[in-house]
Amino acid sequence: MTLIERLIQHRPPRRPDGRPWWKTWLDRLPRGRRYGWHLPSIRIWRGPLRHIPRIVQRYMPTGLYARSLIIIIAPVVILQSVVTVVFMERHWQLVTKRLSESVVQDIAAITAMVEERPAGADNSDIVRIAREHLGLNVSILAPEPLPAPAPKPFFNILDGILSEEVTRQIGRPFWIDTVGNSKIVEIRIQLADKVLRVFAPRNSAYASNTHIFLVWMVGTSLVLMIIAILFLRNQIRPIQALAAAAEGFGRGQPMPSDFRPRGASEVRRASLAFIQMRDRIERQMEQRTAMLTGVSHDLRTILTRFRLQLALLGEGEDQDELNQDVDEMQRMLEGYLAFAKDEAGEDVGECDLAQMLGKFHNDAKLQGRQISVDIVGDPRIAVRPDSFARMITNLVANAMRHGTRVRIRASHEGRWLTVSVEDDGPGIAAEQREEVFKPFVRLDTARNIDSGGTGLGLAIARDIARSHGGDILLSDSKLGGLRALVRIPA
């Protein structure tokens with residue numbers, strides 16, 4: 001029954017308003033299925049198969065080299081499987097059937113000759129002809145029951161084909177053994193008053209040389225895949241070198257001495273573009289640092305003159321306010337110079353995290369604060385020591401300024417370092433946590449910053465973290481205040 005006939009047979013009754021039945025069917029379908037794009041496979045895809053893309057993505061290798069190998073090896077394996085199943089299986093089965101049919105024809109002829117002989121006649125001439133001209137070892141046994149059927153192997157084509165041919169051409173009870181001796185096939189046929197036993201060479205009834213073609217096919221494919229893997233490895237290396245150079249640049253490391261544009265033309269263009277981009281960024285940073293250093297140095301000279309002039313004016317209430325303004329400008333200039341020093345760049349070196357964080361205990365005692373330090377993993381890290389120390393110092397000093405309890409936790413697992421600094425201060429509102437990373441931003445109402453702050457501490461800290469290839473995130477602390485989380489590759 002066709003789909004149209006089933007729809008007509010099971011069509012709903014006509015509605016009172018006279019709407020056709022097929023419109024009633026459309027009304028029952030979801031909106032997406034009314035326009036003809038719905039297929040039955042969508043239902044299957046929404047069922048258990050919907051998890052297949054997620055499973056493939058989970059176990060799929062992420063590296064370019066591994067995925068390229070899959071792109072090369074998978075078609076070869078699929079092609080060999082198709083050739084083996086479609087062509088070789090049919091060819092193997094057809095050849096085996098023709099050989100088995102020929103052997104069974106010879107056995108059928110011998111069976112007919114033995115049956116036509118009178119009882120008690122000499123059959124030595126039949127045995128000799130079968131051995132010399134047909135290649136069969138024939139013997140006539142006394143009447144006895146046939147052995148029990150032997151278990152048939154699962155992947156044995158010969159057993160099934162040979163049994164089928166014996167049944168079709170001879171039509172008598174038989175017993176065959178294709179497993180006992182790998183080079184000989186034994187066949188026993190029950191006759192009226194005797195049993196005919198035939199030993200036939202296995203290669204005369206079975207296509208035994210087909211595996212040679214498989215060996216050649218697999219061996220050739222392996223050689224081709226090895227050559228393809230070697231060429232692919234040479235093409236992947238420039239991409240890996242470019243990725244390592246870009247990652248090192250993000251962490252502030254110098255470019256490898258052996259890095260140069262290599263590989264395919266597209267990879268060479270990407271390498272040249274990266275080198276030019278790195279040069280432009282370094283020139284821009286040098287110009288920015290030189291300008292900021294020069295301006296800060298000139299302003300420091302002017303502030304020194306202000307101090308001398310205020311000292312000559314003597315003491316007074318006005319002079320005290322001016323001295324406070326000069327001190328505040330001096331602290332701002334120190335922040336500018338620290339920022340400029342960090343922009344100047346620093347070589348990556350090994351740093352002892354335990355020794356660096358241990359110095360904060362003395363500062364906490366002097367300020368009357370409680371501090372706890374916990375380190376998990378290897379305390380030796382590869383960072384720019386001075387810049388990293390300045391970043392952690394800014395975060396810890398900020399926590400001590402606004403809280404009485406400070407907790408520092410550092411975890412160095414694999415190639416990533418995570419440092420969290422928590423306090424029990426007033427914290428920062430969630431909508432203002434990105435604003436505090438901007439230079440010169442001071443949240444007096446949120447953090448009650450004293451007059452000595454310049455609004456550059458968190459900006460410098462995030463700039464240092466990003467120059468290492470990481471970042472800083474702010475969140476709520478379990479102590480009740482603010483939690484600054486630093487995550488950088490180290």
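Mentor: The patch is made of M291, V295, L299, I302 and F306, which together have about 430 Å² of accessible area. The model is a predicted one.

For the setting, take the whole protein. The accessible surface comes to about 30700 Å², and carbon and sulfur atoms account for 58% of that surface. The protein has 490 residues, of which 30% are buried. The protein contains 16 helices and 11 strands. Of the contacts between residues at least 6 apart in sequence, 64% join residues at least 24 apart.

Another helical part carries an annotation. The unreviewed UniProt entry gives "transmembrane region" for residues 64-88 and 212-232. In the model, residues 212-232 are 100% helix and 0% strand, and the C-alpha atoms at the two ends are 30 Å apart. M217 is found in helix α9, residues 210-250. With a relative accessible area of 16%, M217 is buried. Leaving aside residues up to four places away in sequence, M217 touches Q80, V83 and T84. M217 and Q80 are 137 residues apart in sequence, yet their C-alpha atoms are 7.9 Å apart in space.

Next come the charged pairs. The structure holds 15 salt bridges. One of them is between the side chains of R172 and E115, at 2.6 Å from N to O. R172 sits in the loop between α7 (157-169) and β2 (174-181), while E115 belongs to helix α5 (residues 64-116), so this pair ties together parts that are 57 residues apart in sequence. R172 is partly exposed at 32% relative accessibility, and E115 is partly exposed at 36%.

A second salt bridge joins the side chains of D193 and K194, with 2.7 Å from N to O. Here D193 is partly exposed, with a relative accessible area of 39%, whereas K194 counts as buried at 15% relative accessibility.

A further salt bridge links R433 and D476, whose closest N and O atoms are 2.2 Å apart. This pair links distant parts of the chain, 43 residues apart: R433 is in the loop between β9 (416-423) and α15 (444-447), and D476 is in strand β10 (residues 471-476). R433 counts as buried at 14% relative accessibility, while D476 counts as exposed at 56%.

The loop between β9 and α15 also holds V441. V441 is partly exposed, with a relative accessible area of 24%. The C-alpha atoms of V441 and L456 are separated by 7.6 Å, and the two residues are 15 apart along the chain.

Salt bridges also occur as a network, which links E434, R462, R466 and D471. R462, one member of that network, is in helix α16 (residues 457-467) and is buried there. The other buried residues listed for α16 include L458, A459, I460, A461, I464 and A465. Just after α16, G469 takes a positive phi of about 95°.

One more helix is α14, residues 385-402, where H402 has its place. H402 counts as buried, at 10% relative accessibility. The side chains of H402 and N398 are joined by a polar contact of 3.3 Å.

To return to your patch: M291, V295, L299, I302 and F306 form it on the surface.

Definitions and conventions
Residues are numbered from 1 along each chain as its sequence is written. This is a predicted model: local features need pLDDT of at least 70, side-chain atom pairs count only at pLDDT 80 or more; totals for chains, interfaces and linings use all residues. Side-chain values use heavy atoms; hydrogens and water are left out. Patches are made of residues with over 30% relative accessible area and no salt bridge: like charges are joined within 9 Å, nonpolar side chains (Val, Leu, Ile, Met, Phe, Trp, Tyr) within 5 Å. Accessible areas come from the Shrake-Rupley method with a 1.4 Å probe; for residues, only the protein chains shown count as cover. A salt bridge is a side-chain nitrogen of Lys or Arg within 4 Å of a carboxyl oxygen of Asp or Glu. UniProt positions are given in the numbering used here, feature names are shortened, and annotations may be inferred rather than shown by experiment. Helices (H or I, at least four residues) and strands (E, at least two) are DSSP runs, numbered from the N terminus. Buried means under 20% relative accessible area, exposed over 50%, partly exposed in between (1.4 Å probe, protein chains only). Contact means heavy atoms within 4.5 Å. A polar contact is a pair of N or O atoms within 3.5 Å; within protein, one must be able to donate a hydrogen and the other to accept it, and residues adjacent in sequence count only if both atoms are side-chain atoms.
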